[in-house]
Amino acid sequence: MSRKFTPKVVTANDLREGCVIYMTETGSWSMYHHEAELIEDEAIAELRLLKALGQGDRIVGAYLADAKAGPKGPEPIHFREVFRTRGPSNYAHGKQEAANV
Amino acid sequence: MYNYSDFDEAFVRTRAAQFRAQVERRLDGSLTEDEFRPLRLMNGVYLQLHAYMLRVAIPYGTLRADQMRQLAHIAETYDKGYGHFTTRQNIQFNWPKLTDLPDIIDALADVQMHAIQTSGNTIRNVTTDAFAGAAADEVADPRPVAELIRQWSTDHAEFQFLPRKFKIAITGSAEDRAVIRAHDVGLELVKRGDEIGFKVLVGGGLGRTPMLAPVIREFLPKADLLPYLEAIVSTYNLMGRRDNKYKARIKITVFENGLDTFRAAVEEEFARIRPEFSGVDQEVLAGIEAQFAPPAFKNTPVEFYEKSLAVDPLFKAWATQNLAAHKVENHAIVTVSIKEHGATPGDASADQMRLLADLADRYGYGELRISHEQNVVLPHVAKADLPAIHAELLRAGLATANVGLLSDIIACPGMDYCALATARSIPVAQEIATHFKALGLEEEIGGIKIKISGCINACGHHHVGHIGILGLDRAGVENYQITLGGDAGPLAAIGERAGPGFAYDEVVPAIERILRAYLAIRAGREETFIETFRRLGPAPFKEALYGEARDAA
């Protein structure tokens, strides 16, 4: 019995800077979740992850995260991934920092 | 305080140079992440949620003023202007870039600091009482022994790949401000007649299987310490489980084999290796002890201090809460709370670090400590200087008189930073502190320890909080379990779970119900929360949390 596949995005951290990044449809990396490629097929998701893992000279810690379609693009589902799109809640650091927006 | 020998200096510089080369090879693609990860972890570099994180060792929580200034410099130059003091007396920088990390490690080496063995399955930074060397109630200063253990355990060839990480804590006082019963090995300096030795505890720890360490040796002569420790760690290295990460800590080894079996194995190994310790370690220890000689304490009178207490209520409130008894009558131990209501527990800005370093230089013989409760301690201050220190702290917003009170909360970084976390801890701590300040109830409630962890690994020590809060992920939603009756001191206890968990926005009201129940049922103002809990048990607090509906269910 197959379970319904939850769409995914490929996410990782930038090797040099450490910041959270997402893989786009062209295979490039974006700082923004809504620019990520929303992958609706499990086999393709695995292939995209392999492609990411092959870029170890640019990124670190790639994995597939659950996501859903939103008006501006893919949106995270789990609260952990929501936090990764903006940064910590105690300071306006990370992506929510003015310089990064 | 300890100054690096030529050996220490060469070792740390060599490791810094090796790390620089390792980072270069990672960046040019010569090393894969799988190859690089163990190397970066050996130097305290983690990958967290939003960035890399660097954990720097503060050996036994002791810092010189110039070292604190260097931490401020690093925070400002390479990070976002602050650092986070941890429950293991270390400091973490939350935003370093991999490309800057070799320079940061060099900057640390410039002031005799490093990040070696702050990660990995090795013997970690030895922690101790933040009041060590100053406390009125201690048998002896535990720091020379902590330094001896640091030298013995650093790069110890046999102990670089233990089944799991290994944490040693040592206290010189029966009051135990180092939570020794929650460590893999706990040491308490004790006296038998005129002889100083150690009570040795083994197999404590928090995490998913919290256990309080039993005593393996009631009295260990001082000269036997290193061979005995080596016997314990060797026995664990062989007997400890490597098949299951969650059963690999020494607490499980001791529990599964039984203390008697474990002790017999340790004693056998100890008897075997004891003759190999020729006494060189004791010569080294004597040299270290000389470096920890107390400063020449000033002989200033206390009249001005006493007069200030009488006329300045703000100063008096601070002195009542934030001072502890010093072994020298005209001195005091100052705990500077870096937990102003609403601040992040453990965080200090570069400016705050610099001010504290300056105060240490001007009034505190150049010494600072980081407490496991995530505050900064000036261990030796002449009472005559306290009003001046208080005035400066007031100007800098560092005079919060809340040490030991409700808002003096221990909290791990939680899911605001940590990749392992299952929920946030920091905003829960912030909201509890500001909520009770707004209610004006903090002083009325009095002494209480609230401790918050953002996952089962329990870096926030929630099991030993009088009230513990554990953040979990329940089907994709943050959920918080409350434990009651834990204690980290000499009457150490693991708190018991009160019942079903609470949603994020239900936690503060739940804590308020517990504390209002306490205020209603305590025997008097003198009876603290934990004393009321010990007298009446959890029932009235569970009732306050869940009401009668739960009993009927």
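This is a tour of a predicted model, with stops at the contact between chains A and B and then at several places within chain B.

**The contact between the chains**

Begin by selecting the residues where the two chains touch, a contact to which chain B brings 24 residues and chain A brings 22 residues. On the side of chain B that touches chain A, the element giving the most is helix H14 (residues 426–439) of chain B, with three residues. If you colour that side of chain B by residue class, you will find 11 nonpolar, seven polar and six charged residues.

**Helix H11 of chain B**

Next, select helix H11 of chain B, residues 313–322, and show the side chains of B:Phe315, B:Trp318, B:Ala319 and B:Asn322, which are buried. Because these residues cover an arc of only 100° around the axis, they lie on the same side of H11(B). Turn to the other side of H11(B), where B:Pro313 and B:Thr320 are exposed.

**Helices H3 and H12 of chain B**

Now select helix H3 (residues 65–78) and helix H12 (residues 350–363) of chain B, which pack with their axes 8 Å apart and at an angle of about 165°. Since an angle over 145 degrees counts as roughly antiparallel, this description applies to H3(B) and H12(B), and their crossing is left-handed. From H3(B), display B:Ala65, B:Met68, B:Arg69, B:Leu71, B:Ala72, B:Ala75 and B:Glu76, and from H12(B), the residues that they meet, namely B:Ala350, B:Met353, B:Arg354, B:Leu356, B:Ala357, B:Ala360 and B:Asp361. Sorted by class, this contact of H3(B) with H12(B) has 10 nonpolar and four charged residues, and no polar ones.

**Two residues with positive phi**

Most residues other than glycine have a negative phi, and the last two stops are at exceptions. Select B:Asp155, whose phi is near 60°, in the loop of chain B between helix H5 (143–153) and strand E7 (168–171). B:Asp155 counts as partly exposed because it has 14 C-beta neighbours inside 10 Å.

Finally, move to the loop between E7 and strand E8 (185–192) of chain B and select B:Val179, which also has a positive phi, in this case near 50°. Is B:Val179 buried or exposed? With 24 C-beta neighbours inside 10 Å, B:Val179 counts as buried.

Note on methods
Residues are numbered from 1 along each chain as its sequence is written. Chains are lettered from A and ligands numbered from 1 in the order in which they are written. This is a predicted model: local features need pLDDT of at least 70, side-chain atom pairs count only at pLDDT 80 or more; totals for chains, interfaces and linings use all residues. Two residues are in contact if their C-beta atoms, placed from the backbone, lie within 7 Å. Helices (H or I, at least four residues) and strands (E, at least two) are DSSP runs, numbered from the N terminus. Ala, Val, Leu, Ile, Met, Phe, Trp, Tyr, Cys and Pro count as nonpolar, Asp, Glu, Lys and Arg as charged, and the others, Gly among them, as polar. A residue is buried if 20 or more other C-beta atoms lie within 10 Å of its own, exposed if 12 or fewer, and partly exposed in between; C-beta atoms are placed from the backbone. The arc is that of the directions from the helix axis to the C-beta atoms. Axes are lines fitted to C-alpha atoms, for helices over the stretch in contact, and angles run from 0 to 180 degrees between N-to-C directions. Angles under 35 degrees count as roughly parallel, over 145 as roughly antiparallel, 65 to 115 as roughly perpendicular and the rest as oblique. A crossing is left-handed if the near helix is turned anticlockwise from the far one by less than a right angle, and right-handed if clockwise.
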